[in-house]
Amino acid sequence: MLSWWLPENVSTYGQDIDWLFHLIYWITGITFILVTAAFLAFLVIYRDRPGRRARFTHGSTPLEIVWTVVPSLILVVLTLLSAPAWSKIKMTMPPTDFVLEVTAKQFNWQVTYPGADGKFGTPDDKTLLDEMHVPVGKVVRVNLKSQDVIHSFFVPNARVKQDAVPGREIAQWFEISKPGKYEVPCAELCGFGHSGMKAWLYVHTAEDYAKWAAEQLRAEAAPAADETKVAATPAAQTGGNATR
Amino acid sequence: MSAHAATAHAHAEHHELGFVRTYIFSTDHKMIARQFLFMGLFMLIIGGLLALMVRWQLAWPETAVPGMSVFLPDTGGILEPSTYNMAFTMHATIMIFFVVMPILAGAFGNFCIPLMIGARDMAFPTLNMLSFWVTFTAGLIMLGGFFVDGGHAAAGWTSYAPLSAIPQYTGTNWGQNLWCISLFVMGIGSLMGSINYITTIINMRAPGMRLFRMPLVVWSLFITAILLLLALPVLTSAVAMLLFDRTLGTSWFRPSGGGEPLLWQHLFWYFGHPEVYILILPAMGIASEILPVFARKPIFGYHAMAFSMIAIAFLSWIVYGHHMFVSGMNPALGMAFTVTTMIIAVPSAIKTFNWLGTLWGGRIQFKLPMLWALSFVWMFVIGGLSGIFMASTPVDIYIQDTYFIVAHIHYVVFGGSIMGAFAGIYYWFPKMFGRMLNPVLGHLHFWPTFVFFNVTFFPMHIIGVGGQMRRIYNPMQYEFLQHQQHWNVVMTVGAICLGLTQIIFFVNFFWSLVAGKKAPLNPWSSNTLEWQAPSPPPHLNWGPTLPTVHRGPYEYSSPESREDFLPQTAAPARAGASRH
């Protein structure tokens, strides 16, 4: 029942998360039904009736062992099943040449494209406000920063969430498998404008993205192309590589 | 046990105390318990009204909250985003620190510990009095924050830095400062209380009251006190550091000055996770106390119950990182915290199965304390199971900071702690005040509360899975949330009904206090020591001699006795017959 309410998943690793979610949903759901059935049955069967005396017992060691060991085993298996997805999503960074810098501030997402030179902090960088365009089927690396308080980069449809912490640069990746337009709310309380702080993530087909990039990224950046060599050693670039 | 000689001496010198020493600056643990209870119930009203303001805004965004135009004349009663942030921040702060802690640890800790271990009072009665008045002062400071310029704290009860560390980020200045000062003072009060509880339990048990003959509620309060002693000082230090960042220009948590925002989260949750168990352990103890009485049967697995609480107390220190899976903390550390978090679910499972075992084969009487204790068990099962979703790090990526978390905490803290508190109030009211609560009004309170609690909080799981973030002002600002807005309306209607139902409780409570039926010595035919004292017990509790304990607390339906209960004080029929 609960699973119908998950928003459509459009990222490659989202299905790993959804699979675990459903697994836990079934395990906890069945446990709940069994416990509730026993609970309600006991309440009915063992209700106070005249002439009956309660069973005088202080417990049972075999039962204690069973209900210690069985939940422990289930939880150990869940831990083992959770580990690969976590390591894939948060502990590895697939190689990619598509890198964006997202800098949160009260109350916007500033999305920076490196421009033709592929480097951040150069004059051909292009920054969009509350708007993010990526191609479908491509690993997108986002270097998350914040210039004031903690925000959280949340793409519900892609199952992405990562806090943006001032003073840090945190690398995060995702790969979207379906073109479309997805909301990117801030998920961490960041002040009175927290609610409504959101961007749109536009996922284009490869051709559409090339067209969009040609119009929006290269055109304006072209005049500044000569200066790139001069300013090619910004701190942001080295800092980005050093993270993790 | 030389303390007994001293208290017996004190008893001999016992004389009538004046009004002030009896009702205000009292050193009697039972009066202090009542003071904590009244304080907690008063704050419950404020915390509840704040919750209703939040719920109103979520169901019918940016419409005037009925009655609020008096307090918010500029907006005609409509909550602005900053007021809304203040409302949920203060709802959680008040409910956690000034409702659940004072009632469960303060009131029941003070009332139950000396009476149930057969002591005359706490080990340090004056410190005990001070503990209440310091906590009371903290409550006044916290309430004072509502009246300062810029409004009260609005950075969430977790007050994540740097949002909380720099006044410009929230626009609240003295509100957040008073929040820090109040929690600092509260921390000192809690320290005084916890030292007292631990000392009393270790040193002042009546003859024969071995550790493993103590009622489980005393065990739970003992463990809670140890957690309070070790966890609260971390919060106390952290809020002091936060206050210094805000007022003295230090940079503990401000990255601009070289500080580290995540340090706040580490300190806060190092306190915060044991805190969750501080809130739930006494309720678990109360349920473990009430189930055997009304099932007329010994608790199932007494030792397993005590040891699982000890296990929780140890594990609660090494699970706190699960609040920070997506915070930017090293993800390898996240993996380690998953392991410990999964493990801490085991003792809670053991407790649940033992509660079920207690019901099995019992002779269950559905009296009011039992109804609350049963609903505690059932709701705690839901709250416990929903916690497993968060323990799995990949799933937590998605549900972190959504209403799923809000659902989880309310099933644990309302379905768990508050229902446990109601169970305790219905159970011990006769001993505490010498009068019975009205059972008809009691049923009128219990059943709607149970129903509307679920109407209010269960749909939070659903909208949380749908992705609704916590602490947002208006879900309608997000296209992906609009299709589930009807649930927000359902929950708010449920919350309003839940709030209205509590009026019945307050009417019953205060009416019974004055005009309730006189309570007999032992209205529930219980075994534990407090029921051997008069209702209400006099100052110093016992007559000239302390009670002597001969057996464990849950010998219901024992073959040793013709009746279905066997008080801990009853002398054994033949020597060596009782082993437990």
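## Model and conventions

The model is predicted, with local features requiring pLDDT of at least 70 and side-chain atom pairs counting only at pLDDT 80 or more, while totals for chains, interfaces and linings use all residues. Residues are numbered from 1 along each chain as its sequence is written, and chains are lettered from A and ligands numbered from 1 in the order in which they are written.

## Chain A

Chain A holds four helices and 10 strands, where helices (H or I, at least four residues) and strands (E, at least two) are DSSP runs numbered from the N terminus. Their order from the N terminus is α-α-β-β-β-β-β-β-β-β-β-β-α-α. Of the 244 residues in chain A, 38% are buried, that is, with 20 or more other C-beta atoms within 10 Å of their own, C-beta atoms being placed from the backbone.

## Contact between the chains

The contact (C-beta atoms, placed from the backbone, within 7 Å) takes 72 residues from chain A and 81 residues from chain B. On the side of chain A that touches chain B, α2(A) gives the most, with 16 residues. By class, this side has 38 nonpolar, 18 polar and 16 charged residues, with Ala, Val, Leu, Ile, Met, Phe, Trp, Tyr, Cys and Pro counted as nonpolar, Asp, Glu, Lys and Arg as charged, and the others, Gly among them, as polar.

## A helix pair in chain B

Helix α12 (residues 368-391) of chain B packs with helix α15 (residues 439-465) of chain B at an angle of about 10°, their axes 10 Å apart; axes are lines fitted to C-alpha atoms, for helices over the stretch in contact, and angles run from 0 to 180 degrees between N-to-C directions. The helices α12(B) and α15(B) are therefore roughly parallel to each other, a term for angles under 35 degrees. Their contact has six nonpolar, four polar and no charged residues.

Conventions: Angles under 35 degrees count as roughly parallel, over 145 as roughly antiparallel, 65 to 115 as roughly perpendicular and the rest as oblique. Two residues are in contact if their C-beta atoms, placed from the backbone, lie within 7 Å. A residue is buried if 20 or more other C-beta atoms lie within 10 Å of its own, exposed if 12 or fewer, and partly exposed in between; C-beta atoms are placed from the backbone.
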